[in-house]
Amino acid sequence: MGDFVLRGRLGAGGMGKVFLGRSPGGRAVAVKVVHPHLGQQAEFRRRFRLEVSAARAVGGAFTAAVVAAGPEDDTPWVATVHVPGPTLAQAVSTAGALPERSLWPLAAGLVEALRAIHAEGLLHRDLKPSNVLLAADGPRVIDFGIARAMDATALTETGVTIGTPGFMAPEQAEGGEVGTASDVFSLGAVLAYAASGAEPFGQGPPLAILHRVVTGAPRLDGLPEAVRAVVAACMAKDPADRPTTARLLDLITAHWDPPLDFPTAQPWPQAVSTLIDAHAAPTATAAPAPETETQPDARAAAARLVVEREHLLGPDHPDTLDARSRHASAVGEAGDHAQSARLHAELVVARTRVLGADHLHTLLSRHHHAWELGGSGAHAEAARLYAELAIDSARALGPDHPDTLSARSVHASYLGRTGERAEAARLLAEVVADRTRVLGPDHPETLHTRRNHAGELGEAGRAVDAARLYAELARDYARVLGPDHPETLNAQANHTRYLGKAGEHTEMDRVWADLVRDHERVLGPDHPTTLAVRHNHARFLGEAKRHAESARLHAEVAAARARVLGPDAPDTLFARDFHAYELGESGQHAEAARLYGELARDYARVLGPDHRDTLNARNHHARFLGRTGEHEEAARLWAQLIPDYERALGPDHAETLTVRHHCARLLGDMKKHAESARLHVEVAAARARVLGPDAPDTLFARDFHAYELGESGQHAEAARLYGELARDYARVLGSDYRDALNARNHHARYLGKAGEHAEAARLWTQVILDYERVLGPDHPETLTVRHNHARFVGENGDHRESARLHAEVAAARARVLGPDAPDTLYARDFHAYELGESGQHAEAALLMAEVAQDYARVLGPDHRETLNARNHHARYLGKAAQSHPRST
């Protein structure tokens, strides 16, 4: 980039990605490369050029100076001096809150940095812990001034506010006039974070935090008294009441005199100094750091801090327990949720023993334990723990306490992930009522819970109710936040999604067209959010089974993203992924397999061979190859893929188990039923251990195991397993759930194949009645069960009764599906066959001739069913001739 060689990625933000670079002379720099969609906006470029020019004039000891920039390049960029140290956010999350002796030099350095920035007529606008680097000799402020260039984007992105919710001034949060006092407010928030280890306005949805910034008081409990006075002055609601930077320096130096050896002596505690050493700039021969690598490994630094505090303070000291909590969280943030959950569980035991079961920190550790368990995929266990936590929080903190309501909300969400969508929706409806009462109907958390409630209702199959609730929510979001706010547009998108699931496709298409037009009007046709809306429209068409149309729209989105973001942008690859998938679901299996083969190679090149999207593309490549009939090649690809999933994600990861399930299904398609059954029982056992015996995916694997066992000839054992499975489906999902009915259908079928004809007939009579009651007499699955029953009657020797039943099914299918539907022709085929087997050869020959003609017209003269029907026609003609030679 320019004259700089990029050596590795340091991070990313709303404006672009930051890379470690090296100048021709060997100097280390941080190069910020602007996102392509921003670089294409003329107004953004104009402001970026002006702000970079102004930023170059900023000096001072506590800023990272701009050394070069390319505002006119195809991709704009700016390079600043590289500061080898962690951000304040990294230091606090790893080493904990800073001691008072470190807070004063931090405050003084930040004030001096703001004075240097303001002296050039600039504002920072986004001072936050991640924009403060800690060097060995003091802090460095980065990204000053450049945030203003984002105003050009904010003018067209409704609902977007420049700044970070927990650290912006009230006037900035409300979209008012921003001045030097706004940066002073942010400085106070940064100091509060450094002194306490927590954001002064808490955490949660951005809108909730902004609400607290404007209307609430910051949390300054636990700050040293003198520091608290300075912070409180900075964070006054009225900008006029905040001190100037000159006055701030007077307040600081009234409590702190820089040591004579400053800045030679490090102002930071040892744990932070260790982090600074770990951030030392790499030499010229160092290899580029992978984009997924954390620099440095926060887990190792946090673990070292635990050891240090245990040694100095003892294992039960509150600061030691806090260090253990940060270590466990760092492990979870690195993606190892199972290990993080284990560490948090151990901390729950320790805090219960030291602080008591009802202490706020103990309850918080229980929350983290349950959250990380859920992140590891153990949704059922997470739901159980959150249910217990909600009860204990209500007792210890009160039923209306925010933490109690939060635990109830998360409990419901994890319950939904286990498949209990209806119960999750019921619980969320109760949380909506309580949050409305406690917080008010327009509070962001109330609106957020209403959104989750509508989503769970939709996933529970109540698409009409979900569409109605999302429509109401969209209206309320428009009233509270504005008609063009992202939350409003998101609610409108989900409204249209469930309209489609409810079968109201005409209305869905109309609303989607309006939604896309609104995004194009507000943000522009090439804006990433506009393209995301078009992507979601295509997705929801796929969910409505309109796969061909979905594939066409996904192809258009992929082309637009390639043009706007670049062919290797993750969102471009993601759109290609959906295009290939929907193409396959529309029946174009060979083309889908070809596209997935290409996509897997591109994912591997851009994201890495072990990235989840790379593995998933390889999985779909094998899957659609199998659907084209290339079973051996698909089996070979899956055999290579399963070990890669196990290595990259772990043998018990849900996606690893899903790939093993697909491989087992393919073997069944290849008629290798015994081997398929063996693999399915292994998957069922693994899912029972990882997800729980009642998890829907566990029951699903047991279902396939029983089926493949039956198809391998072990009819009695398959019948026994289906009997048990039907009872478990009924207990977990409900007796009228479709899978419960299907399990009863297979139970009866395999009982009949095992020779227990009377019991099978009795069960089928009950099953058919329940199918007709639950799904309706004309539902395709009801007709399939009646067809299977008729087949069983024929296999049991009662061909005349079987023929009668098949005739009824054929008539119903002709009425419901149409006379040329393959299933209608199939039922007529069986009717004619059973009639012939009952001895009515002439009538069977006549019917088979008609079926053969219709098969040839509908499926083609060379189709297997056409040839089979002609074969049976000739066969029954021969039998009729033998029975009545003269008449024939």
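Which residues are buried in helix 23? The close-up views below, taken from a predicted model, begin with that helix.

**View 1. Helix 23 and the residue that follows it.** Helix 23 spans residues 528–543. Its buried residues are Pro528, Thr530, Leu531, Val533, His535, His537, Ala538, Phe540, Leu541 and Gly542. From the first C-alpha to the last, the 16 residues of helix 23 reach 22 Å, close to the 22 Å expected at 1.5 Å a residue. Lysine 545 follows helix 23 and has a positive phi, near 70 degrees.

**View 2. The crossing of helix 20 and helix 21.** Two packed helices are described by the angle between their axes and the distance between the axes. The axes of helix 20 (residues 463–481) and helix 21 (residues 486–501) come within 8 Å and cross at roughly 165 degrees. Angles over 145 degrees count as roughly antiparallel, and helix 20 and helix 21 are therefore roughly antiparallel to each other. Their crossing is left-handed. On the side of helix 20, the contact is formed by Ala463, Ala466, Ala467, Tyr470, Ala471, Leu473, Ala474, Tyr477, Ala478 and Leu481. These residues meet Glu487, Thr488, Ala491, Gln492, Asn494, His495, Tyr498, Leu499 and Lys501 in helix 21. By class, the contact of helix 20 with helix 21 comprises 13 nonpolar, 4 polar and 2 charged residues.

**View 3. Helix 26 and its packing partners.** Helix 26 (residues 589–607) has 19 residues and reaches 25 Å between its first and last C-alpha, close to the 27 Å expected at 1.5 Å a residue. Buried in helix 26 are Ala592, Ala593, Leu595, Tyr596, Gly597, Leu599, Ala600, Asp602 and Tyr603. The buried residues of helix 26 pack against helix 25 (570–585) and helix 27 (612–627).

**View 4. The crossing of helix 33 and helix 34.** Helix 33 (residues 738–753) and helix 34 (residues 757–774) have axes that come within 8 Å and cross at roughly 160 degrees. This angle makes helix 33 roughly antiparallel to helix 34. Helix 33 passes helix 34 in a left-handed crossing. Helix 33 contributes Arg738, Leu741, Asn742, Arg744, Asn745, His747, Ala748, Arg749, Leu751 and Gly752 to the contact. Their counterparts in helix 34 are His757, Glu759, Ala760, Leu763, Trp764, Gln766, Val767, Asp770, Tyr771 and Val774. The residues of the contact of helix 33 with helix 34 fall into 9 nonpolar, 6 polar and 5 charged.

Technical notes:
Residues are numbered from 1 along each chain as its sequence is written. This is a predicted model: local features need pLDDT of at least 70, side-chain atom pairs count only at pLDDT 80 or more; totals for chains, interfaces and linings use all residues. Side-chain values use heavy atoms; hydrogens and water are left out. Helices (H or I, at least four residues) and strands (E, at least two) are DSSP runs, numbered from the N terminus. The expected span of a helix is 1.5 Å times one less than its number of residues. Buried means under 20% relative accessible area, exposed over 50%, partly exposed in between (1.4 Å probe, protein chains only). Axes are lines fitted to C-alpha atoms, for helices over the stretch in contact, and angles run from 0 to 180 degrees between N-to-C directions. Angles under 35 degrees count as roughly parallel, over 145 as roughly antiparallel, 65 to 115 as roughly perpendicular and the rest as oblique. A crossing is left-handed if the near helix is turned anticlockwise from the far one by less than a right angle, and right-handed if clockwise. Contact means heavy atoms within 4.5 Å. Ala, Val, Leu, Ile, Met, Phe, Trp, Tyr, Cys and Pro count as nonpolar, Asp, Glu, Lys and Arg as charged, and the others, Gly among them, as polar.
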